[in-house]
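Student: Could we go through the pockets of this protein together? Please show me the structure to begin with.

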Amino acid sequence: MEIQLWREILSPYDLAVKELVVKFEHLILEYRNQGLYSPIEQVTGRVKTIASILDKAQKKNVMVHEIEEKITDIAGVRIICQFVEDIQKVVEIIRQRTDMEIVSERDYINHMKDSGYRSYHIIVWYEVQTTKGSRKIHVEIQIRTLAMNFWSTIEHSLQYKYKMNIPDHVRDKLTNVANAIISLDNEMSSVRSEIMDAQISSQIHTSLVADILNNIQNLYRVTNKREVQKIQDEFYRIYELDDIDQLRRFGRELDVIAEGYRAQSIADEE
């Protein structure tokens with residue numbers, strides 16, 4: 001197959017990955033903007049290299065003309081969660097979406113591979129729009145915790161180094177690490193509620209401070225500079241108290257002042 005033809009084949013897969021990464025990243029943003037805990041911590045994506053596709057086709061005895069039909073992970077999206085409990089929530093989010101159709105699911109969380117690999121895999125049909133019309137292609141979505149992803153990254157590197165024949169002593173160490181990661185995920189789950197509360201509080205604090213500073217900046221453009229300086233000094237005084245309730249009160253009062261000057265809409269009008 002000519003290189004140029006490969007580029008044409010892989011282009012829709014690249015588009016699908018980029019679109020899905022943006023969609024899941026926006027989902028994270030939606031949760032955080034609403035002051036909610038996001039079950040998704042981060043999202044990455046990739047399209048397999050030609051060499052990787054050919055290697056897999058060879059191992060699975062797939063003919064070149066069958067690659068798009070029989071290799072379902074040419075496009076891949078990886079969703080990273082903080083806690084094991086978040087994985088099932090992400091699975092449910094994907095099941096409820098109307099912009100993708102689930103083809104199959106594989107639960108390697110509750111049914112860990114012999115190697116120690118743990119992750120949740122979902123194959124979906126996803127439709128993209130190209131210059132040649134719409135294309136419905138397979139995308140593999142992997143969902144795992146940060147700890148699982150660490151193990152998988154190391155194991156993948158070792159598989160590459162040893163050409164899929166990892167020595168027994170190295171494999172034993174990988175198994176030990178996999179068991180340690182299970183313990184780590186379990187320990188993290190035991191303090192999940194405390195961590196979630198802390199992160200939500202941090203997000204609310206960050207958003208509140210950003211809104212206040214935005215109002216102060218907009219007021220600076222439309223009102224007396226000395227008055228704005230007083231407001232800014234009061235903000236710094238309250239900020240140093242590290243009292244979220246007082247910061248909220250100050251934010252509400254500032255909203256009223258800004259509304260009086262129509263300062264809140266300045267950024268939208270520019």
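Student: Which helix gives the most to the lining of the second largest pocket?
Tutor: H1 does, with five residues. This is a predicted model, in which local features need pLDDT of at least 70 and side-chain atom pairs count only at pLDDT 80 or more, while totals for chains, interfaces and linings use all residues. Residues are numbered from 1 along each chain as its sequence is written, and side-chain values use heavy atoms, without hydrogens and water.

Student: What is a pocket here?
Tutor: On a 1 Å grid over the protein atoms alone, a pocket is an open set of points where a 1.4 Å probe fits, with protein on both sides within 12 Å along at least five of seven lines; lining residues have an atom within 4 Å of a point.

Student: Which residues line the second largest pocket?
Tutor: Among them are Leu5, Glu8, Ile9, Thr130, Lys132 and Arg135.

Student: And what is its volume?
Tutor: The second largest pocket has about 240 Å³, where a volume is the space filled by probe spheres set on the points, and grid points are joined across faces, edges and corners.

Student: Now the largest pocket: what is its volume?
Tutor: The volume of the largest pocket is about 1,700 Å³.

Student: How many residues line the largest pocket, and which lie nearest its centre?
Tutor: The lining has 42 residues, and Lys48, Lys56, Asp73, Gln142 and His156 lie nearest the centre.

Student: Which element gives the largest share of that lining?
Tutor: H5 supplies the largest share, eight residues. Helices (H or I, at least four residues) and strands (E, at least two) are DSSP runs, numbered from the N terminus.
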